[in-house]
Amino acid sequence: MSGSVQWTKDYAEDLDGRDPLRRYRMEFYLRPNTIYLDGNSLGLLSKRAEKSLLACLEDWKEWGIDGWTHGRHPWFYLSEQLGEKLALFIGAEPQEVILTGSTTVNLHQLVSTFYKPEGKRTKILADALTFPSDIYALQSQLSLRGLSLEEHLMQVQSRDGRMLAEDDLVAAMSEEVALIILPTVLYRSGQLLDIEKLTTEAHKRGILIGFDACHSVGAVAHEFSKWNVDFAFWCNYKYLNGGPGCVAGLYVNRKHLGNRPGLAGWFGSKKEKQFDMEFLFHPADSAGAYQIGTPHILSLAPLIGSLDMFMEAGIENIRKKSLQLTQYLMDLIHHELGEYSFTIGNPLEDHCRGGHVCLEHDEAVRITKALKVNRVIPDFRSPNIIRLAPVALYNSYSDIWQVVQILKTIMVEKQYEKFSKDRDVVA
Ligand SMILES: *Cc1c(COP(=O)(O)O)cnc(C)c1O
């Protein structure tokens with residue numbers, strides 16, 4: 001986009017007019033006169049998601065217990081069926097994906113299953129920029145096995161505090177490493193790692209590798225099966241707009257299917273065996289084996305409508321527009337805000353940029369507050385990051401143009417000086 005980009009509002013409106021995904025914006029509940037750029041923390045409600053949730057309540061009304069096997073979307077099969085749809089966005093086979101649990105619980109499940117310290121190979125390799133919940137989970141997994149954290153948890157450092165160097169990650173893959181857990185996209189800088197390369201390098205050294213895909217699923221297309229990734233996990237309330245606390249996702253490569261899950265429960269049974277109520281556990285042959293208890297149907301239901309929309313729009317089209325939106329935003333920031341000491345903290349190249357722009361500023365807390373007063377919803381990450389996530393299905397190029405104008409006014413008028421420097425409880 002750079003090169004031919006123009007700085008006028010007309011130009012933004014022209015891009016909107018030519019946007020093949022523009023009609024989806026009408027399908028979301030956007031608050032009036034508000035620009036929402038926080039879809040990487042909590043995606044907005046769509047009318048289709050609302051409809052599928054209400055339909056699920058109707059089925060409960062109408063069928064009671066029989067809703068498990070009757071109604072529009074029989075609950076007994078819903079986690080598997082939605083997993084099959086989601087498989088399309090991550091390049092997986094239908095049986096490799098299940099919707100279950102939450103991100104952190106799924107990480108626990110996968111580490112319980114795939115972390116097998118043996119001989120010299122006892123370490124878990126992670127990174128120093130990852131989401132803290134992942135580290136808490138890894139620490140507790142080590143503690144449960146009586147292993148010291150200092151010795152067994154390695155976190156690869158970043159050279160600049162923003163990005164991870166893939167060479168550093170590969171260099172840390174020693175023969176003492178049993179398992180690697182990395183993010184697909186870093187939650188602060190938005191760096192997209194080379195998943196295929198890291199997987200290949202890990203496997204060359206006999207190490208299993210899994211990815212936290214919270215910041216990529218629904219924004220970036222993956223090819224987990226082709227790349228031979230061992231497993232992955234993610235939430236569905238960010239880019240996939242499944243609602244607060246929506247049921248999460250889990251991918252297990254088919255070569256590992258049929259093994260016993262580390263944390264077993266009756267919903268991991270072969271479907272036809274589950275209600276035999278035997279004490280002998282017969283795990284499903286699919287990723288469904290990694291389920292534990294009864295699925296949270298009402299927290300799955302919005303995904304029925306939401307995933308339909310994603311299938312219709314196509315993940316490749318979504319990624320393409322997402323990259324154009326973030327590029328346009330960066331171009332405008334360069335052009336309009338050059339003199340206000342902002343730093344762009346995310347990778348500039350398309351192939352290593354996720355779905356958001358990471359804007360750094362010493363006054364980030366107060367600028368975030370000023371943006372909110374101006375009805376722009378960004379996301380603040382301590383100490384100095386404003387995350388701006390333009391979402392392909394509901395943000396427009398005009399939104400981007402307007403946000404940069406608002407930011408400029410905030411800086412020119414020093415509006416942020418009116419606010420305190422304390423951050424809110426939920427950033
Ligand atoms: C949002 C997010 C989580 C959240 O975990 P939950 O168990 O869903 O609360 C975990 N990891 C990353 C990278 C995230 O972005």
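Which residues does Asp 134 touch, not counting residues up to four places away in sequence? Asp 134 touches Leu 107, Asp 212 and Phe 233, where contact means heavy atoms within 4.5 Å. The views below come from a predicted model, in which local features need pLDDT of at least 70 and side-chain atom pairs count only at pLDDT 80 or more, while totals for chains, interfaces and linings use all residues. Residues are numbered from 1 along each chain as its sequence is written, and side-chain values use heavy atoms, with hydrogens and water left out.

View 1. UniProt positions are given in the numbering used here, feature names are shortened, and annotations may be inferred rather than shown by experiment. Asp 134 lies in helix α5; helices (H or I, at least four residues) and strands (E, at least two) are DSSP runs, numbered from the N terminus. Asp 134 counts as buried at 3% relative accessibility. Buried means under 20% relative accessible area, exposed over 50%, and partly exposed in between (1.4 Å probe, protein chains only). Thr 103 lies in helix α4 (residues 103–114) and is buried at 8%. Leaving out residues up to four places away in sequence, Thr 103 touches Asp 212, Cys 214, Phe 233, Trp 234, Cys 235 and Ala 248.

**View 2. Lys 238, which carries the UniProt feature "modified residue: N6-(pyridoxal phosphate)lysine" (unreviewed entry).** Lys 238 is found in the loop between β7 (231–234) and β8 (249–252). Its relative accessible area is 7%, so Lys 238 is buried. Apart from neighbours within four places in sequence, Lys 238 is in contact with Gly 39, Asn 40, Ser 41, Leu 42, Gly 43, Cys 214 and His 215.

**View 3. The aromatic pair of Phe 224 and Tyr 251, one of 16 aromatic pairs in the structure.** Rings of Phe, Tyr and Trp (its six-membered ring) pair if their centres lie within 6.5 Å; planes under 30 degrees apart count as stacked, over 60 as edge-to-face and the rest as tilted. This pair is tilted, with 5.4 Å centre to centre and 40° between the planes. The pair links distant parts of the chain: Phe 224 is in helix α9 (residues 224–227) and Tyr 251 in strand β8, 27 residues apart. Phe 224 is buried at 0% relative accessibility, and Tyr 251 is buried with a relative accessible area of 0%.

**View 4. An aromatic cluster and two lysines placed over rings.** Trp 68, Trp 75, Phe 76, Tyr 77, Trp 266, Phe 267 and Phe 275 form one aromatic cluster. The ring of Phe 76 has the charged end of Lys 271 over it, 4.2 Å from the ring centre. A charge sits over a ring if NZ of Lys or CZ of Arg is within 6 Å of the ring centre and within 35 degrees of the ring normal. In the other case, the charged end of Lys 47 sits over the ring of Tyr 29, 5.6 Å from its centre.

**View 5. The buried face of helix α1 (residues 9–17).** Tyr 11, Ala 12, Leu 15 and Asp 16 of this helix are buried. Seen down the axis of α1, the buried residues fall within an arc of 145°, so they line one face of the helix. The arc is that of the directions from the helix axis to the C-beta atoms. Elements covering these residues include α12 (315–336) and α14 (397–412).

**View 6. Strands β5 (residues 177–183) and β6, which run parallel.** Five bridges join the two strands; strands pair if DSSP finds at least two bridges between them. Ile 181 stands opposite Gly 210 in β6. Four of the five residues of β6 (residues 208–212) are buried, so this strand is largely enclosed by the rest of the structure.

**View 7. Gly 345, in the loop between β9 (343–344) and β10 (357–360).** Gly 345 is buried, with a relative accessible area of 0%. Gly 345 and Glu 360 are 15 residues apart in sequence and 6.3 Å apart in space, C-alpha to C-alpha. Beyond neighbours within four places in sequence, Gly 345 is in contact with Arg 162, Met 163, Ser 189, Cys 358 and Glu 360.
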